[in-house]
Amino acid sequence: MPRVSVVLATRNQARWLPETLASVRAQTFDDWELLVADDGSTDDTATVLATLAGDARLHLLPGKHMERAAARNRALAQAKGRYVAFLDGDDCWHPDKLARQVAALDAQPDAAFCYTIARFVDADGVPLPHRKPDDPPMGHVFPRLVRGNVVILASVMARRDHVERVGAFDATLPVLGCEDWDLWLRLSRHAPVIAIADELTRYRRHAGNTAWEQVLRSGLAVLDRLYADPAVAGEAGLTHAAARARHLWYHATIAADGGRSAALALAASALRESPRTMLSRPALGTLAALLLPRPALRSLGRLPA
């Protein structure tokens, strides 16, 4: 029985899939199985996967298009490993990623999951200036995660029993895009989290990434479901309205790249939700994006959350 089950959901990512698969096979830790849930791809994904048919560790799980949360859950249902490592068909790993995360989780048996810093790369794999997060929180990170998702899915290795206990990915969210954040919140609420402060994950930015507008709507849906439990506000140290406002401010900053009108509309919504968040880091980020030159933005990015 493998110690690690790699859960990879993919849809129409044949362009990058060979590099992704190669990064799994290049791991210095080799006691793994790879479960590839093909979410109804219509490109050359099947052809790419056929080249690995001789590797007994690879398990192809084809299925109709039902979105990535359902695809990941389909793979999780077949997983045998004590640990599960998540990956998308366009992202990659450093060769030591699994080895270091297995060692970290072995050393801290009460931790729900372990994640790493992710370096962003472009469609061709060229590193970009951005990485996430710069200063990864660890321990009881639930209050921090309520304030914003700093965890890239492809960086996570989790205990399979913890994932099963909280119900895996929520495929019933009205809008998908933040289903990973939803899972990290449920996992971190009741167990500590480990962070490895090295860039062991490569997260690819390209035209096929989920649009920020969808991520915004999905994130608000995640917060609404989370705060249906009245105990959350006390545990997070943040009201429901303030959490929603911070999410709106964050996306207002992103919207500012495309023009002032969308950013200002989101800022107005954030202020209606919670005027007190006007001085929060996400709000300052929006103001900076609208008013300040790029060097000032980089300085603002170093402010504490």
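**The hairpin and its surroundings**

Guide: Strand β6, residues 113-121, pairs with β7 in the antiparallel sense over three bridges (strands are DSSP runs of E with at least two residues, helices runs of H or I with at least four, both numbered from the N terminus; two strands pair if DSSP finds at least two bridges between them). The model is predicted, so that local features need pLDDT of at least 70 and side-chain atom pairs count only at pLDDT 80 or more, while totals for chains, interfaces and linings use all residues. Residues are numbered from 1 along each chain as its sequence is written, and side-chain values use heavy atoms, with hydrogens and water left out.

Within this pairing, Ala118 has Lys132 of β7 as its bridge partner. Five residues lie between the strands of the hairpin, where Gly125 adopts a positive phi near 90°. Lys132 is also joined to Pro133 by a cis peptide bond, with omega at about -15°. Pro133 itself belongs to the loop that runs from β7 (127-132) to α5 (142-146).

Asn12, in the loop between β1 (4-10) and α1 (17-25), has a phi of about 55°. Its relative accessible area is 32%, which means that Asn12 is partly exposed (buried is under 20%, exposed over 50%, partly exposed in between, with a 1.4 Å probe and protein chains only). Glu67 has a positive phi of about 80° and is placed in the loop between β3 (58-63) and α3 (68-76). With a relative accessibility of 35%, Glu67 is likewise partly exposed.

Finally, consider a pair of helices. The axes of α7 (residues 179-188) and α8 (residues 212-226) come within 9 Å and cross at roughly 25° (axes are lines fitted to C-alpha atoms over the stretch in contact, and angles run from 0 to 180 degrees between N-to-C directions). The two helices are therefore roughly parallel, a term for angles under 35 degrees. The crossing of α7 past α8 is right-handed, the near helix being turned clockwise from the far one by less than a right angle. On the α7 side, Glu179, Trp181, Asp182 and Leu185 make the contact; on the α8 side, Ser218, Gly219, Val222, Leu223 and Leu226 do so (heavy atoms within 4.5 Å). These contact residues comprise five nonpolar, two polar and two charged.

Methods. Angles under 35 degrees count as roughly parallel, over 145 as roughly antiparallel, 65 to 115 as roughly perpendicular and the rest as oblique. Ala, Val, Leu, Ile, Met, Phe, Trp, Tyr, Cys and Pro count as nonpolar, Asp, Glu, Lys and Arg as charged, and the others, Gly among them, as polar.
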